[in-house]
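Visitor: Could you take me on a close look at a single part of this one, the ligand and metal sites? I'd like the contacts, and where the residues sit along the chain.

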Amino acid sequence: MNQKWNPDSWKSKTALHQPNYLDEKKLEKTIKKMKKLPPLVFAGEVRSLKKELSKCVDGNGFLLQAGDCAESFAEFHPNYIRDTFRVIMQMAVILSFAAGVPVVKVGRLAGQFAKPRSSPTEEKNGKKLPSYLGDMINAINFDEKAREHDPERMIQAYNQAASTQNLLRAFAYGGYADLSTIQNWNLDFVKKSKQGSNFKVIADRISECLDFINACGINNKNARQLYETNFFISHEALLLPYESAFTRIDSTTGKWYDVSTHMVWIGDRTRQLNGAHVEFCKGISNPIGIKVGPSAKANEIIELVKTINPENEKGKIVLIVRMGAEKINQLFPQLLKQFKKLDLNVVWSCDPMHANIEKSKSGYKTRNFKNILREVKSFFKIHKNIGTYAGGIHLEMTGQNVTECIGGLQKISDKDLSSRYHTHCDPRLNASQSLELAFLMASNLKKS
Ligand code: PEP
Ligand code: CO
């Protein structure tokens, strides 16, 4: 670790996409308060995640990172958390059943509240206001007061993250994830669909296997893996005053951990080698994701990986490729070939969401399921051609029956978008589109 590094050393670097807090005193007071708040995760859990991720480097595991684009204070309900958890679990079962490898489950949840925006201001009917930067910073309503950057929102975000994490822990370790209850994971509105019945086929086969191994003496009473699951949380390490306030020394190892979440990632807009976000992330022991967009140069990303992971630790770095359905074929093979020449341990994950955003005719920010699928397929194919391993997927989805992305078996059209368009930021896959994608990926995974 860099000798000069400390949780605040990022302050000497340029920090992009940060709020402009006018009340310095209020900010200081909030940071002081946050430094005393209990951690949301433990360092030992973060090490377990790293161990699981290390398997995704060379083909013995697959990372499923999924959840909201932006969590919100208004859309906070235990049922929403349950439904998202349920769909992630279903997707994990579909993927691991097909690929025969364990699926590492990481939610974009319990802290995903801050957003980088393409413009610092938003204009509507001739009025110009600061952009909405996520509920942790300001509110979405289009008025002066709501759009002010308020440090106290960090405390509300922490509190919501704590309750969310508490419920996720209960689901993961309290019996809800028990494989013998797999038949109950299917959501009512998905049950009747093609994906719902495809899932039932897998669920029936798993139930049969469970009956068999039970007859052999292995069941949910004596095998922890059948009764509970590890479920990790993650968010973008964007809002640095928040992240650094939750960065503490682990008494077991003497190392620094960001205890607001298990895993963080650096966004495509804040991954400058000499920038504040990279400075912060290089000192913490959590696994770090790095978004790799179409403008990324291979040598730039290689430098980044070496800077953040100088010891080439396995399971530390996840490269989240988001180049777009069109550009991935031109850009990614070159980058991957450069990496192959070096012996860098990275998990290659595919984010088919962030470079496939379009504006629908009716004016909604949307994504076309066809393009999402095309990018995923190309990602697998490119890895296969080069002889590397496609180790994960990164998705924006929800367990709700929203209409935010066009296409899929439900044939959501531009006309349908307005009926249930609830996202605070980017359009998410709904429960049925998520399962559909999982089935399509499963067949690719099987092949690879
Ligand atoms: C995101 O994942 O929400 C995001 C903003 O992604 P990116 O940095 O890839 O644009
Ligand atoms: Co997003």
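Guide: Here's a walk through the two sites, followed by a few residues elsewhere.

A word on ground rules: this is a predicted model, where local features need pLDDT of at least 70, side-chain atom pairs count only at pLDDT 80 or more, and totals for chains, interfaces and linings use all residues. Residues are numbered from 1 along each chain as its sequence is written, chains are lettered from A and ligands numbered from 1 in the order in which they are written, and side-chain values use heavy atoms, with hydrogens and water left out.

Let's start with ligand 1. Its surroundings are made up of Arg-108, Lys-115, Pro-116, Glu-236, Trp-265, Gly-267, Asp-268, Arg-269, Lys-291, Arg-322, His-354 and Glu-396 (a residue is near a molecule if one of its heavy atoms lies within 4 Å of it). Sorted by class, that shell has eight charged, two polar and two nonpolar residues; here Ala, Val, Leu, Ile, Met, Phe, Trp, Tyr, Cys and Pro count as nonpolar, Asp, Glu, Lys and Arg as charged, and the others, Gly among them, as polar.

Oxygen atoms of ligand 1 pair up with several side chains. A polar atom of the Arg-322 side chain is 2.6 Å from one ligand oxygen, a polar side-chain atom of Lys-291 is 2.7 Å from a ligand oxygen, and for an N or O atom in the Arg-108 side chain the distance is 2.9 Å. On its own, ligand 1 exposes 290 Å², and the protein buries 99% of that (areas by the Shrake-Rupley method with a 1.4 Å probe; for residues, only the protein chains shown count as cover).

Trp-265, part of that shell, sits in strand β8 (residues 263-266); strands are DSSP runs of E with at least two residues, helices are runs of H or I with at least four, and both are numbered from the N terminus. Trp-265 has 1% relative accessibility, so it counts as buried (under 20% relative accessible area is buried, over 50% exposed, in between partly exposed, with a 1.4 Å probe and protein chains only). Its C-alpha is 8.2 Å from that of Pro-287, 22 residues away in sequence.

Now for ligand 2, the cobalt ion. Its protein donors are Cys-69 (SG), His-354 (NE2), Glu-396 (OE) and Asp-426 (OD), at 2.1 to 2.5 Å; donors are N, O and S atoms within 2.8 Å of the metal (3.2 Å for Na, K and Ca), and water is not among the atoms, so sites may look incomplete. The angles among the four donor atoms run from 81 to 170°, and the site is irregular. Four donors would count as tetrahedral with all angles between 85 and 135 degrees; four count as square planar and six as octahedral if opposite donors are over 155 degrees apart and all others between 65 and 115, and anything else is irregular.

Along the sequence, the donor spacing reads C-x284-H-x41-E-x29-D. Glu-396 in strand β14 (residues 392-396) and Asp-426 in the loop between β14 and α14 (431-447) link distant parts of the chain, 30 residues apart. Glu-396 is buried because its relative accessibility is 0%, and Asp-426, at 6%, is buried too.

Glu-396 also has side-chain partners: a polar contact of 2.8 Å with His-354 and one of 3.0 Å with Arg-108. Such a contact is a pair of N or O atoms within 3.5 Å; within protein, one must be able to donate a hydrogen and the other to accept it, and residues adjacent in sequence count only if both atoms are side-chain atoms.

Elsewhere, His-383 in helix α13 (residues 369-386) has a 2.8 Å polar contact between its side chain and that of Thr-388.
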